[in-house]
Amino acid sequence: MDQVLSTPLAFVIDLGLIVLFGLQHSGMARRGFKRFITRFLPEVSERSTYVLLSGTTFIFLCLFYQPIDGYLWYVEEGMLYWFLQIGFIVGWTLSVYASFIINHFELFGLEQIYLHLKGKEAKPVVFKERQLYKYIRHPIQLGVLLGMWLTPVMSYGHLVLAVGFTVYIFIGLYFEEKDLVRELGKSYADYKERVGMMIPFIGRKKR
C-alpha cells in the first residue's frame with residue numbers, strides 16, 4: 001500500500017517539482033545557455049536536446065508528483081460539467097494546433113535534424129503573423145492554461161499544479177518576449193504593440 005504523505009510535505013515536493021521544471025524549461029531556452037551548450041553539442045541538435053530534457057523533466061514531475069487530499073470543486077453533471085469538459089478538450093487541442101501553425105517539427109527540433117541528415121541547412125526563422133497569431137501572441141500557452149483550469153475535477157493537488165504552471169508561464173513569457181525582441185527586432189516589437197498576449201486587444205504593449 002502506498003504511503004500517503006502529509007499535506008505540507010506533499011505541497012513542498014510538488015512545488016519543488018514545478019520549480020525544477022520551470023528552471024530547466026525556461027533556463028535552457030535563454031540565449032546565454034544556448035551559446036554555452038553549443039560549445040559541446042552541434043548547433044543543429046540544440047533544440048532537440050532541449051526538448052528531450054524538457055520531456056524528461058516533465059516525466060520526472062509526473063512520476064513524483066504527490067496527491068493532496070480534498071477538492072476545490074468536483075462537478076459531475078449538468079451544464080457546468082459540460083462547459084468545463086469541453087473547455088478542457090478545446091484548451092489542449094488549441095495548444096497542439098497552434099504549434100503546427102508555427103511549424104511543429106521545427107519547434108521540437110526534428111526538422112533541423114532531418115535537414116542536417118539530408119545535407120541541407122535549415123532556413124532562418126522568419127516571423128510571420130498567421131491564423132491565430134494574428135489575434136493573440138501566445139495561443140500555445142493559452143491552450144495550456146485552459147486545459148489546466150477548465151476541468152470538472154479540481155483537486156488540491158491539481159490546484160497547486162495549475163497555480164504553479166500559471167505563474168511559470170507568465171514569468172517564462174516575460175523572458176521569452178525579451179529574447180524575441182532582441183532576435184527579431186522591430187517586427188516583433190511592433191507585433192507586441194498591436195496584438196494581445198492571450199486575449200485579443202488585452203495585454204498589448206502601450207505606445
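Buried here means a relative accessible area under 20%, whereas exposed means over 50% and partly exposed covers what lies in between. The model shown in every view is a predicted one.

View 1. Within α3, the residues Glu46, Thr49, Tyr50, Ser54, Thr57 and Leu61 are buried. The packing partners of the buried residues of α3 are α1, α2 (31–37) and α8. As for length, helix α3 comprises 19 residues (residues 46–64), which at 1.5 Å a residue should span 27 Å, and this agrees with the 27 Å that separates its end C-alpha atoms.

**View 2. Helix α9 and the residues that line one of its faces.** Helix α9 runs over residues 186–194, and Tyr188, Tyr191 and Lys192 are buried in it. Because the buried residues of α9 fall within an arc of 100 degrees when seen down the axis, they line one face of the helix. The cover over these buried residues of α9 includes α8 (156–184).

View 3. Leu159 has its place in helix α8. When residues up to four places away in sequence are not counted, Leu159 touches Leu72, Trp149 and Met154. Between Leu159 and Met148, which are 11 residues apart in sequence, the C-alpha to C-alpha separation in space is 8.7 Å.

**View 4. A nonpolar surface patch that includes Val19.** The patch on the surface is formed by Phe11, Val12, Leu15, Val19 and Leu23, which together have about 470 Å² of accessible area. Of these residues, Val19 lies in helix α1, which consists of residues 7–27. With a relative accessible area of 44%, Val19 is partly exposed, since that class lies between the buried limit of 20% and the exposed limit of 50%.

**View 5. The loop residue Gln131 and its backbone angle.** Gln131 is found in the loop that lies between α6 (110–117) and α7 (139–149). Although Gln131 is not a glycine, it has a positive phi of about 45 degrees. The relative accessibility of Gln131 is 43%, so this residue counts as partly exposed.

Key. Residues numbered from 1 in each chain as written. Predicted model: local features only at pLDDT ≥ 70, side-chain atom pairs only at ≥ 80, totals over all residues. Heavy atoms only, no water. Patch = residues over 30% accessible without salt bridge, like charges linked within 9 Å, V, L, I, M, F, W, Y side chains within 5 Å. Areas by Shrake-Rupley, 256 points an atom, 1.4 Å probe, with all protein chains shown as cover. Salt bridge = Lys/Arg side-chain N within 4 Å of Asp/Glu carboxyl O. Helix = DSSP H or I, 4+ residues; strand = E, 2+ residues; numbered from the N terminus. Buried < 20%, exposed > 50% of the residue type's maximum accessible area, 1.4 Å probe, protein only. Arc of directions from axis to C-beta. Contact = heavy atoms within 4.5 Å. Expected span 1.5 Å × (residues − 1).
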